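Please open the structure in a viewer and keep the selection panel at hand. The stops below are meant to be followed in order.

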Protein chains: 2
Amino acid sequence: MAHIALKEGLPGIRGLLAYRPETARPLSDLAQVPLHDLNSLERSDRELIATFVSSLNDCHYSQTSHGAIAACHLGGDEELVERVKRDFNAAPIPEKLKALLAIAGRVQRGGRNVRPEDIERARAHGATDLEIHDTVLIAAAFCMYNRYVDGLATTAPQDAESYRERAAGVAASGYRGLPALLSQQ
Amino acid sequence: MAHIALKEGLPGIRGLLAYRPETARPLSDLAQVPLHDLNSLERSDRELIATFVSSLNDCHYSQTSHGAIAACHLGGDEELVERVKRDFNAAPIPEKLKALLAIAGRVQRGGRNVRPEDIERARAHGATDLEIHDTVLIAAAFCMYNRYVDGLATTAPQDAESYRERAAGVAASGYRGLPALLSQQ
């Protein structure tokens, strides 16, 4: 049971977005821009970064929901998502994404852990300033979302299918419409 | 030197807000609502929570800038801010705020560290659901801001006076106007 009284039937961050509409708006925009709006990194890459950081933070809801969204963007390849979480350096993904995941993992441990050589490795594989910026911001933001979701002890369903269903909606429509959608439920 | 090319003369998160206006908007709104908009917790209490978490994350820029904003709201009492950072349980602050700072400290270590008895202690001293929610969100959000600022190696001035000057502006006007202000600098 959550630490505060939330609407039933809205797991994870969804109950919190419905609880406080004033903070739901910036929280959903802060997911929309770096994860869903088009830029030079694939949506699947950005969702994998979010999923990986959430797995390091041991946040069941976020790693499962964003893992399912990443899989949607990867044509349903849930196995690749699991491989990235388990050992991204051994996963069949581009070297640039490996370098960005390495930066994200350092951010998760604390901002001061990112070393100039981590940035150099990403640049050597073609990462731009904006891609490095967004990687650090996504990793930092999921250190917030994960703590928000677990710090208030929200519910996290255990069945994979309900995550797949919600993921399909977000993968198609993005995050910006979530507060309005949840306020109607 | 920062890990990416940022405009000179804008320390800490200010350079990052100027760098990426699309994310600056939700990032500044996410500070405005829980820290500056009026609610049942004093602005000074909420800035002390942000300052305390930033000190636990060893983020010089955020703990000094929000410590200076907290001091503004406390009529200039910088000594109280230092006492809260050093040992809030021994500081001359209300028991409710001590209980909320204890929750914030647990969120900083990870969301799963918040225990039902931490919530009960806050409730016993009169904390409402909304105050508990905002405490967890502020603590979680500063685990993001701190990692964002340090993960990109932004500059953090060492002189206290420049923090006091910037703090006076934010304490008076809030966070929402920062992106527009910084884009003109």
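The tour goes from the pair of chains to their interface, and then to individual residues.

**The two copies**

The model is a predicted one. Begin with chain A and chain B displayed together. A rotation of 180° with 0.0 Å of shift along its axis places chain A on chain B, at an RMSD of 0.0 Å. That is the relation of a two-fold axis. To find the axis on screen, select A:P26: of the residues of chain A, this proline comes closest to the rotation axis, its C-alpha lying at 2.2 Å.

**The interface**

Next, select the residues of each chain that are in contact with the other.

Between chain A and chain B, 16 residue pairs are in polar contact, with both residues at pLDDT 80 or more.

The rule finds six salt bridges across the interface of chain A and chain B. One to display is the pair of B:R112 and A:D150, in which the closest N and O atoms are 3.9 Å apart.

Select B:V107, which is placed in helix α6 (residues 95-109) of chain B. Is this valine buried or exposed? B:V107 counts as buried, because its relative accessibility is 0%. Leaving aside neighbours within four places in sequence, B:V107 is in contact with A:R147 of the other chain and with B:V114, B:V136, B:A139 and B:A140. For a distance across chain B, draw a line from the C-alpha of B:V107 to that of B:A70: the two residues are 37 apart along the chain, and the atoms are separated by 20 Å.

**A:R115, in a loop**

Move to the loop between α6 and α7 of chain A, where A:R115 lies. With a relative accessibility of 33%, A:R115 counts as partly exposed. Not counting residues up to four places away in sequence, A:R115 touches A:R106 and, in the other chain, B:H3. The C-alpha atoms of A:R115 and A:I103 are separated by 8.5 Å, the residues being 12 apart along the chain.

Select B:T135 in helix α8 (residues 129-151) of chain B. B:T135 is buried, at a relative accessible area of 0%. Its side chain reaches the backbone oxygen of B:E131 at 2.8 Å. Apart from residues up to four places away in sequence, B:T135 touches B:L41, B:I49, B:L100, B:I103 and B:A104.

Then select A:S54, in helix α3 (residues 43-56) of chain A. A:S54 also counts as buried, at 0% relative accessibility. The side chain of A:S54 reaches the backbone oxygen of A:A50 at 2.8 Å. With residues up to four places away set aside, A:S54 touches A:C59, A:S62, A:Q63, A:F142 and A:N146. The C-alpha atoms of A:S54 and A:G67, 13 residues apart along the chain, are separated by 9.4 Å.

**The cysteines**

Finish by displaying the cysteine side chains. How many disulfides does the structure hold over all chains? It holds zero. A:C143 is in none; the nearest cysteine sulfur belongs to B:C143 and is 7.5 Å away. A:C143 is buried, with a relative accessible area of 0%. B:C72 is partly exposed, with a relative accessible area of 35%.

How values were computed:
Residues numbered from 1 in each chain as written. Chains lettered and ligands numbered in written order. Predicted model: local features only at pLDDT ≥ 70, side-chain atom pairs only at ≥ 80, totals over all residues. Heavy atoms only, no water. Disulfide = S-S within 2.5 Å. Buried < 20%, exposed > 50% of the residue type's maximum accessible area, 1.4 Å probe, protein only. Least-squares fit on C-alpha atoms with pLDDT ≥ 70 in both. Helix = DSSP H or I, 4+ residues; strand = E, 2+ residues; numbered from the N terminus. Polar contact = N/O pair within 3.5 Å; in protein donor to acceptor, adjacent residues only side chain to side chain. Contact = heavy atoms within 4.5 Å. Salt bridge = Lys/Arg side-chain N within 4 Å of Asp/Glu carboxyl O.
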